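This report describes a single protein chain by its confidence, charged pairs, helices and aromatic residues.

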Amino acid sequence: MFNHEKLAEVISAYKGYFPAHWNDEKYKWEAIQHFQKHWDIYADNFSEMFMKATERTRNLLANMNSYPRGMIKAFAESDAEETRGMFINLFDESKDLAERMEWFLASAEKLRVKYDDGNWHQHYQTQNAITTYLWLKYPDKYYIYKYSEVWAFAKAIDSDFLPKKGRGVFNVQGTLKLYDEVREIIQKDFELNQMLKDALEDKCYPDLNKITMTIDIGFFASRFYKKETAAYVFRENTMLTMLGMAAGLGLGYFLHNFVMNEIRIDMISFDIYIRPVSYLYSGLLTMVFAWCVNRAMGGRLEEISMTESLKSVD
């Protein structure tokens with residue numbers, strides 16, 4: 001279960017995010033289409049086939065600290081049949097998912113130990129990598145699981161499910177259930193579905209079940225949702241502060257002159273002069289104060305329900 005109003009807020013923000021970021025994210029849909037076209041479990045050269053089928057996955061199977069795609073290539077070059085068998089078993093839908101994932105992990109470790117050339121300190125086949133393989137093979141059924149993204153998304157929509165460190169298969173099963181519930185709502189959103197339909201190209205997987213869109217919304221919620229909301233408010237505050245500063249400094253000059261001219265004391269004369277550095281100090285102090293206000297507001301913004309705020313207008 002989760003808070004439907006908070007999910008509605010995330011989806012609303014995602015609609016604003018989607019057009020500007022589509023070119024950065026469409027590779028996910030392209031990766032599936034490419035994989036579906038080139039995957040052949042019984043290919044003569046398994047390593048070559050695997051690398052070709054997954055060449056559009058970008059950071060999904062390789063990043064600065066994890067190289068699951070590269071390790072599968074190395075495994076296949078050392079023992080193609082054993083590596084092929086790992087995927088045959090993983091993609092066998094007649095077997096229990098948890099057992100398939102555990103077997104895949106055990107097989108990867110077995111190959112790492114057996115063929116270690118001194119540099120294979122890890123096999124990098126995590127639940128994230130395994131669910132990515134499953135998603136590529138069965139894009140209408142499986143979601144990509146990534147602990148940090150799922151946790152942030154679940155937190156954003158007040159889900160009663162939160163992944164726990166060290167609970168790999170449990171977390172994957174919980175994610176599948178949560179994302180299925182979210183997807184039911186996404187599929188009913190005509191505007192969202194039309195946006196995706198209009199954006200998809202021939203080289204993109206059609207994603208009729210909105211599995212990949214659900215993954216992308218989870219990614220958005222974990223990386224950009226709170227930042228975009230806060231950035232909008234803080235940007236307005238900063239602009240108003242700067243406008244007020246510009247007006248205040250100009251009007252302040254005349255006010256200062258007026259006040260000083262009204263002060264009349266015998267035998268005392270005031271030199272009406274403001275040093276330029278005083279304007280600089282005033283501006284800096286004002287911006288520091290505005291920054292402190294924005295920081296203080298940051299935590300409070302996360303507690304505000306945008307849906308309830310709109311209702312209060314009525």
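The text below starts with model confidence and then turns to salt bridges, helices and the nonpolar core.

**Confidence**

The structure is a predicted model. Its protein chain has an average pLDDT of 87, and 84% of the residues reach a score of at least 70. Where pLDDT is low, predicted coordinates should not be read in detail.

**Salt bridges**

The count of salt bridges comes to 15. Three of them are set out in the table.

| Pair | N to O distance |
|---|---|
| Lys15 and Asp189 | 3.0 Å |
| Glu30 and Lys203 | 3.7 Å |
| Asp180 and Arg183 | 3.2 Å |

The salt bridge between Lys15 and Asp189 has an N to O distance of 3.0 Å. Lys15 is in helix H1 (residues 4-25) and Asp189 is in the loop between helix H9 (168-187) and helix H10 (190-199), so this pair ties together parts that are 174 residues apart in sequence. Lys15 counts as buried because its relative accessibility is 17%, under the 20% cut-off. Asp189 is also buried, at a relative accessible area of 18%.

In the salt bridge of Glu30 with Lys203, the closest N and O atoms are 3.7 Å apart. This pair, too, links distant parts of the chain: Glu30 belongs to helix H2 (residues 27-38), Lys203 to the loop between H10 and helix H11 (211-223), and 173 residues separate them. Glu30 is buried at 9% relative accessibility, whereas Lys203 is partly exposed at 44%.

An α-helix has 3.6 residues a turn, so residues three or four places apart point the same way. Asp180 has a relative accessibility of 29% and counts as partly exposed, while Arg183 is buried at 15%. Elsewhere, salt bridges with shared partners join Lys15, Asp189 and Glu191 into one network.

**Lys28 in helix H2**

Helix H2 also holds Lys28. Lys28 has a relative accessible area of 6%, so this residue counts as buried. Apart from residues up to four places away in sequence, Lys28 touches Trp135, Thr212, Asp216 and Phe219.

How many of the eleven residues of H7 are buried? The number is nine, and the helix is mostly covered. The buried residues of H7 include Gln127, Thr131 and Thr132 as well as Tyr133 and Trp135. Ala129 is another buried residue of H7. Ala62 is in the loop between helix H3 (46-53) and helix H4 (68-78), and is partly exposed at 33% relative accessibility.

In helix H8 (residues 147-156), the residues Glu149, Val150, Phe153, Ala154 and Ala156 are buried. They span an arc of only 160° around the axis, so they are on the same side of H8. Just after H8, Asp158 adopts a positive phi of about 55°.

**Nonpolar core and aromatic residues**

The largest nonpolar core has 76 residues. Trp39, Phe87, Tyr133, Phe153 and Met213 touch the most other members of this core. Beyond its neighbours within four places in sequence, Phe87 is in contact with Trp39, Ile41, Phe46, Phe50, Ile72, Phe104 and Tyr133.

In the whole structure there are 28 aromatic pairs. One of them is formed by Phe104 and Tyr133, with ring centres 5.8 Å apart and planes at 50°, so the pair is tilted. It links distant parts of the chain, as Phe104 is in helix H6 (residues 97-115) and Tyr133 in helix H7 (residues 127-137), 29 residues apart. Both Phe104 and Tyr133 are buried.

Ring pairs also build a cluster from Phe35, Trp39, Phe46, Phe50, Phe87, Phe91, Phe104, Tyr133, Tyr138 and Tyr142. Two of its members, Phe87 and Tyr133, are listed above among the core residues that touch the most other members.

Technical notes. Residues numbered from 1 in each chain as written. Predicted model: local features only at pLDDT ≥ 70, side-chain atom pairs only at ≥ 80, totals over all residues. Heavy atoms only, no water. pLDDT = per-residue confidence, 0-100. Salt bridge = Lys/Arg side-chain N within 4 Å of Asp/Glu carboxyl O. Helix = DSSP H or I, 4+ residues; strand = E, 2+ residues; numbered from the N terminus. Buried < 20%, exposed > 50% of the residue type's maximum accessible area, 1.4 Å probe, protein only. Arc of directions from axis to C-beta. Core = buried A, V, L, I, M, F, W, Y, C linked by side-chain atoms within 4.5 Å. Contact = heavy atoms within 4.5 Å. Phe/Tyr/Trp six-rings, centres within 6.5 Å; stacked < 30°, edge-to-face > 60°.
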